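Subject: Structure for you to look at

Hello,

Here is the structure I said I would pass on. My notes on what was found in it follow below.

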Amino acid sequence: MVDNAAPQESLIPTGQGRIYAKWWPGVAADSPPIVLLHDSLGCVDLWRDFPANLARATGRTVIAYDRLGFGKSDPHPGRLQVGFIDDEALGAFAALLAHFQLSRFIVFGHSVGGGMSVAIAAAYPQQCLGVITESAQEFVEDRTLQGIRVAGEQFKDPAQLDRLKRYHGDKAQWVLDAWVKTWLSAEFAHWNLDAVLPAVTVPFLAIHGENDEYGSMRHPEKFVTLAGGAASMLPLPGCGHVPHREREDVVLDAVRGFLDQ
């Protein structure tokens with residue numbers, strides 16, 4: 001482990017509003033940074049200590065940002081469109097790249113952020129040097145939809161929504177609806193990454209808990225099968241949907257090994 005400097009933060013303008021970004025400088029200043037993409041209900045603060053620990057473990061700068069409508073970013077101007085996963089690569093992420101003047105980077109995406117990481121790698125083949133997905137979905141699976149339905153019922157409890165408001169403020173209901181209503185919509189039923197994955201030719205690591213309530217092991221298996229470059233899978237027995245919290249040491253070791261190759 002190596003020490004890293006105190007985190008810094010910024011608001012970055014996009015065509016639809018400002019996105020909040022926070023970064024943890026690493027000691028290996030010349031190494032490409034790792035950019036984190038959060039899950040459907042997530043934000044920078046919900047990564048908790050993981051970004052700092054990741055920067056410390058790898059020596060690299062780690063950048064995390066709140067997508068538009070989430071966390072400390074500006075409200076989203078409307079509803080999510082069916083193509084929102086692919087759109088992130090050329091929208092807010094493009095503004096982030098320009099702000100930090102990134103010529104090279106690694107992407108690490110959790111859950112739906114993993115799908116976005118795949119789209120980003122395909123959109124920036126010269127700049128993206130590696131992809132790490134964690135608990136990511138490759139297609140719309142019945143287990144995913146059932147998990148979302150169960151969570152949607154739980155959030156009918158005002159106390160559950162209040163917990164979400166601690167991180168998203170007045171945007172909390174929009175965040176919840178953007179997840180539940182989008183994934184359960186008929187228009188989204190046939191979404192998948194089948195056509196995008198062959199364009200991802202950089203090294204690819206798919207981390208997935210075998211007890212993930214939002215997706216079976218079919219997802220990392222498809223990532224490895226369809227990716228256009230060298231791809232490997234790390235199954236985690238007994239682990240659920242949040243490996244970086246449930247098995248943080250294992251995830252940090254896996255990322256460090258992946259980057260050292």
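Phenylalanine 70 is buried, because its relative accessibility is 4% and the cut-off for buried is under 20%. Please keep in mind throughout that this is a predicted model.

Aromatic pairs

The count of aromatic pairs comes to 14. One of them joins phenylalanine 70 and tryptophan 174, with 5.6 Å from centre to centre and 80° between the planes, an edge-to-face pair. Phenylalanine 70 belongs to the loop between strand E4 (62–65) and helix H2 (84–90), while tryptophan 174 belongs to helix H7 (residues 172–183), so this pair ties together parts that lie 104 residues apart in sequence.

Phenylalanine 105 and tyrosine 124 make another pair: their ring centres are 6.4 Å apart and the planes stand at 70°, so this one is edge-to-face. Phenylalanine 105 is in strand E5 (residues 105–110), and tyrosine 124 is in the loop between helix H4 (112–123) and strand E6 (128–134), so the parts tied together here are 19 residues apart in sequence. Both phenylalanine 105 and tyrosine 124 are buried.

There is also a cluster, in which ring pairs link Phe84, Trp183, Phe188 and Trp191. Back at phenylalanine 70, the charged end of arginine 67 sits over the ring, 4.9 Å from the ring centre.

Aspartate 39

Arg67 turns up again as a contact of aspartate 39, which also touches His110, Ser111 and Val112 when residues up to four places away in sequence are not counted. Aspartate 39 is found in the loop between E3 and helix H1 (50–58). Its C-alpha atom is separated by 15 Å from that of isoleucine 120, which is 81 residues away along the chain.

The sheet

Eight strands make up an open sheet with mixed pairing, in the order E1-E2-E4-E3-E5-E6-E7-E8. The edges are strand E1 (8–13) and strand E8 (231–236); each has a single partner strand, so one side of each has no neighbour in the sheet. From one strand to the next, the twist averages 20°.

Some of the pairings, going along the sheet:

- E2 and E4 run antiparallel and are joined by four bridges; lysine 22 stands opposite alanine 64 in E4.
- E3 and E4 run parallel, with three bridges between them; isoleucine 34 has valine 62 in E4 as its bridge partner.
- Strand E3 (residues 34–37) pairs with E5 in the parallel sense over four bridges; valine 35 has valine 107 in E5 as its bridge partner.
- E6 and E7 run parallel and are joined by four bridges; valine 131 stands opposite phenylalanine 204 in E7.
- E7 and E8 run parallel, with six bridges between them; alanine 206 stands opposite methionine 233 in E8.

How much of E7 is buried? Six of its six residues are.

Helices

Helix H3 (residues 92–100) lies across E1, strand E2 (18–24), E3, E4 and E5, and runs at about 120° to E1. Helix H8 (residues 218–226) packs on the sheet as well, where it touches E6, strand E7 (204–209) and E8; the direction of H8 makes about 165° with that of E8.

Histidine 219 is part of helix H8. With a relative accessible area of 0%, histidine 219 is buried. Its contacts, leaving aside neighbours within four places in sequence, are Ala136, Gln137, Glu138, Phe139, Glu141, Thr144 and His208.

Which residues of helix H6 (residues 158–168) are buried? Leu161, Leu164 and His168 are among them. Viewed down the axis of H6, the buried residues fall within an arc of 55°, so they line one face of the helix. H7 is included in what covers them, and H7 is the helix that holds tryptophan 174.

Best regards

Technical notes:
Residues are numbered from 1 along each chain as its sequence is written. This is a predicted model: local features need pLDDT of at least 70, side-chain atom pairs count only at pLDDT 80 or more; totals for chains, interfaces and linings use all residues. Side-chain values use heavy atoms; hydrogens and water are left out. Rings of Phe, Tyr and Trp (its six-membered ring) pair if their centres lie within 6.5 Å; planes under 30 degrees apart count as stacked, over 60 as edge-to-face and the rest as tilted. Helices (H or I, at least four residues) and strands (E, at least two) are DSSP runs, numbered from the N terminus. Buried means under 20% relative accessible area, exposed over 50%, partly exposed in between (1.4 Å probe, protein chains only). A charge sits over a ring if NZ of Lys or CZ of Arg is within 6 Å of the ring centre and within 35 degrees of the ring normal. Two strands pair if DSSP finds at least two bridges between them. Axes are lines fitted to C-alpha atoms, for helices over the stretch in contact, and angles run from 0 to 180 degrees between N-to-C directions. Contact means heavy atoms within 4.5 Å. The arc is that of the directions from the helix axis to the C-beta atoms.
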